[in-house]
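Please look over the points below with the model open beside them. They go sheet by sheet, then to the packing.

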Amino acid sequence: MQGHMFGELDVRALHPLRSIERSVYTLGLPAVTAVAAAVAVAAAVAATPVEAHRVTEDTVASIVGEYWDTLEIASGASLTLRSDGEAGEAQIESLALEGARFAVEASGDANAGVVAGTVTFGASGAADEVVVAHDGAGAGLTLLMLDSVERGPGDLTIRVENRAEKPVDGMYLQSQMWWNAGDDVDAVERNGGAAADDGRGALKISISRGAAMRIQPSGYAADFGNLVEYRTNERDAVLELAGDFVVRSDTYVYVGDVVEDGTNFVLGQGGVLAYGKGDDAGRILFARGSTVRFEPGSLLVLEGDEVEELGERLRLRTSASNVSGLGNLGVLVNTSAQGGAYQERGHLEIDAGGNFVFVGSPVTARGPMAPVVSRLFEGVMENSVGIPAFWRTAFAKNDVEALSQNSASWVEVGVQTGTENAVIRSVRAHAFDPDEALRALEHATACAAEREKEVALREQKAGEAAEGEESLKSKADGLAKLSHPNLPIVVDVSRTTMRDDTTVRPGDDWTLDRDEDEIGATFYGRLEKPFGLPDLLWGIRAGWSTADVDTDVVTQNRFSGESNVVTVSIFGAVPTAYGYFSADLLWASADDSTTMPTYGTMLVSNDIERTFWSAGLGWTSPAWTTAGGSSRWSGRFGAGLRGYRIEGSGGELAAGAETILATDYGTRTFGEASLTASFTGEGAFTSFNEANDEGETEAWSRWTAAVLPRSWHVWGSLSGYALAGDTDVTLSVRTVNVAAEYAGSARFEVDGPETASVSAKLGAGLAWRDSTLGIWGAIDRGVDGFDAKTIGIRYGYVL
């Protein structure tokens, strides 16, 4: 048996528990980390002993520090020990279920640890149920340890669950149960591989992703620093063997994502079968008549010596015909070489004697980061101090092939935040629109005319004043004109929800969620026949956006981040007999940051910077117009050419306080062609625009002008875009803080922005004398899974 120590409790076997004095007993557990999770308890608990306690009804109790000498749960009753806030712990000398349910649960950052010495299930013949669960909404842990188990004729169901709907940063195996199953592999072997009827009821075990179970012998040390942790994926379901376990015809074990269909043992997607290290490695035997199924995505993890003893550790005594899906089971082998990385990958076969045998080959680095990872691995194997601690930890938890794939994903994160698609979408959404510009300028002209009319009316009613008073009034009118330059400004506020399906590496599918808020202001103006040329419409726009970025993958490469973008653009357009010809220039600066939980730490990059330049030329056809009553409708076609230049740096990637990689995105130039069809409609509310006569007071006129809208307008468009040129990002990656002899670099391409997409926009608004207010929405779709939905409000005012 392996000896351990945790917290303030010295190395002691838990069986018999009575050897531990109650007055000094505590689960003084170390703090939880993503690699070695443990329960944190602030101080030792000296609980008052309770000689016996019997639960006769459904009971939910919060635990902090509890001790029971004897705890019984009567038939039909249930006891749930919960920890919702502070760390909770309980010690039970003797636990008996009599056809009852016993659960240990925790939520959020709370931890719950329960240790029981002697446990009796099914003695009355009634079925019992045990549940170990954590809601996965924080960094907490739930642990139940049963040392010595006695089972009667009643059935037993055990469920170890992580109830998280979506993994949080740093997710690990948050629900764990350690127990002695009471099996003896040697006894079954002596019976020719058949499991004799020992009077015990059926056993059903379900282990969800993010949860683990360890089968261990009685007297196993309470080492909470040696919690079950898995080495490649933080969302696996793990069954770890440190003791004997027999799968009988009335045993049902479901690990990972599986359909519970009556098969005796199913290792499903995300299911992992592993062994305790060294002398703690256990044994599993599939007894005669049992059925076994391995599903795609299942995995067996072995140490080097376990491969040599595979026939001892993994015993097949049922017929080979009862084993299905063996080809779905992947096998990783750790040779226990210095550095601890997996060195072989392969599969299992069944030989002529009906035994499992391993067939594999050495693991090698693959993919674009292979040169970097291979050099680092050489340094790890040499135990060089010139290798940052992060890489040593990473190799101890993964093989070089998987690590080379994962590290490529890490440096691609900056490209996958959706920023380039977001900037390009914003450029398109706010490009020159002649109908919008003309509407704003015509509204400003009408507003200026009414303002002048109001001044004239006031002068008329006031009559002629004294010469001195007239002089003062002229000065006042001059100030009034200065305060009203009749320049239209349009402020737009929008919210965009963007999703983008991306396959970064084989088997690593990301669905990016980007929620972006943008605000911008556009000034419109008109120069009438400058230098004898046609009228010039001009505009200046400045905008700022901020976005939260997240992915809903369930692998260790899940990331989140923030993005901030500032844009400035100018445009000009001239009307001709052939329509409007326009030109524009845009500058944008993007600053992104990302975090990604990996290998027990957080990868952080705060310096993902990109600068965008864009210049465009466009043509918009003359309007086809039709009128009816007080409304007018028109339509246009348009085409455009645009060029983009993006300069960027991925900055440095840090693992905690260690900087490990530096990336550069280089400079890219590419072009865009677009086609657009648009329409507008507008009309006046005639009943609100009658002249101020028939005895209407000036106050009434001002009230109607301020409150009642004068006109309405609608608009819409459908556009198609295609990019061509150097759209893909060329990543240059190099190691940082690595000894020169083990330093490496890589260069490879990553998909850039969406190369083909369509956009549909629709809006409607109202106009008052001085202002306009509209609402609009847009949908953008790309050929490679890009999808964006925007809702916005547009407010215009004549200054």
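1. Basis. This is a predicted model, in which local features need pLDDT of at least 70 and side-chain atom pairs count only at pLDDT 80 or more, while totals for chains, interfaces and linings use all residues. Residues are numbered from 1 along each chain as its sequence is written, and side-chain values use heavy atoms, with hydrogens and water left out.

2. Ten-strand sheet. The order is β2-β4-β6-β8-β10-β12-β16-β17-β20-β23. The sheet is open and its pairing is parallel. Strands here are DSSP runs of E, at least two residues long; helices are runs of H or I, at least four; both are numbered from the N terminus. Two strands pair if DSSP finds at least two bridges between them. β2 (59-62) and β23 (323-324) are at the edges. Each has a single partner strand, so one side of each lacks a neighbour in the sheet.

3. Strand β4 (residues 78-83) runs parallel to strand β6 (residues 101-106), with six bridges between them. Opposite threonine 80 stands alanine 103 in β6.

4. Three-strand sheet. A further open sheet reads β15-β19-β22, again with parallel pairing. β15 (244-247) and β22 (314-316) are its edge strands, each pairing on one side only. On average, neighbouring strands are turned by 15° against each other, direction ignored. (Axes are lines fitted to C-alpha atoms, for helices over the stretch in contact; angles run from 0 to 180 degrees between N-to-C directions.) β15 pairs with strand β19 (residues 283-286) over four bridges, in the parallel sense. Valine 247 has phenylalanine 286 of β19 as its bridge partner.

5. Aspartate 135. Where does aspartate 135 lie? It sits in the loop between β8 (128-134) and β9 (141-151). Its relative accessibility is 28%, so aspartate 135 counts as partly exposed. The scale: buried is under 20% relative accessible area, exposed over 50%, partly exposed in between, with a 1.4 Å probe and protein chains only. Serine 107 is 28 residues away from aspartate 135 in sequence, yet their C-alpha atoms are 5.1 Å apart. Beyond four places in sequence, aspartate 135 touches Ala106, Ser107, Gly108, Asn162, Arg163 and Ala164. Contact means heavy atoms within 4.5 Å.

6. Threonine 142. This residue lies in strand β9. Threonine 142 counts as buried because its relative accessibility is 0%.

7. Helix α6. Is this helix mostly covered or exposed? Mostly covered: twelve of the 13 residues of α6 are buried. Among them are Val400, Leu403, Trp410 and Glu412. At 1.5 Å a residue, α6 (residues 400-412) should span 18 Å, and its end C-alpha atoms are 18 Å apart, so the two agree. The expected span is 1.5 Å times one less than the number of residues.

8. Nonpolar cores. A core is a set of buried Ala, Val, Leu, Ile, Met, Phe, Trp, Tyr and Cys residues joined through side-chain atoms within 4.5 Å. The largest has 67 residues; Phe102 and Trp179 touch the most other members. Strand β7 (residues 111-121) gives the largest share of this core, five residues. Another core lies apart from it, with 44 residues, including Val380, Val549, Ile660 and Phe748.

9. Aromatic pairs. The whole structure holds eleven. Rings of Phe, Tyr and Trp (its six-membered ring) pair if their centres lie within 6.5 Å; planes under 30 degrees apart are stacked, over 60 edge-to-face, the rest tilted. Phenylalanine 265 and phenylalanine 286 have ring centres 5.2 Å apart and planes at 70°, so they are edge-to-face. This pair links strand β17 (residues 265-267) to strand β19, 21 residues apart. Phenylalanine 265 is buried at 0% relative accessibility, and phenylalanine 286 is buried at 0% too.

10. Tyrosine 644 and phenylalanine 670 stack, 5.3 Å centre to centre with 25° between the planes. Tyrosine 644 is in strand β34 (residues 631-655) and phenylalanine 670 in strand β35 (residues 658-684), 26 residues apart. Both are buried. Elsewhere, Phe432, Tyr524, Phe571 and Tyr580 form one aromatic cluster.
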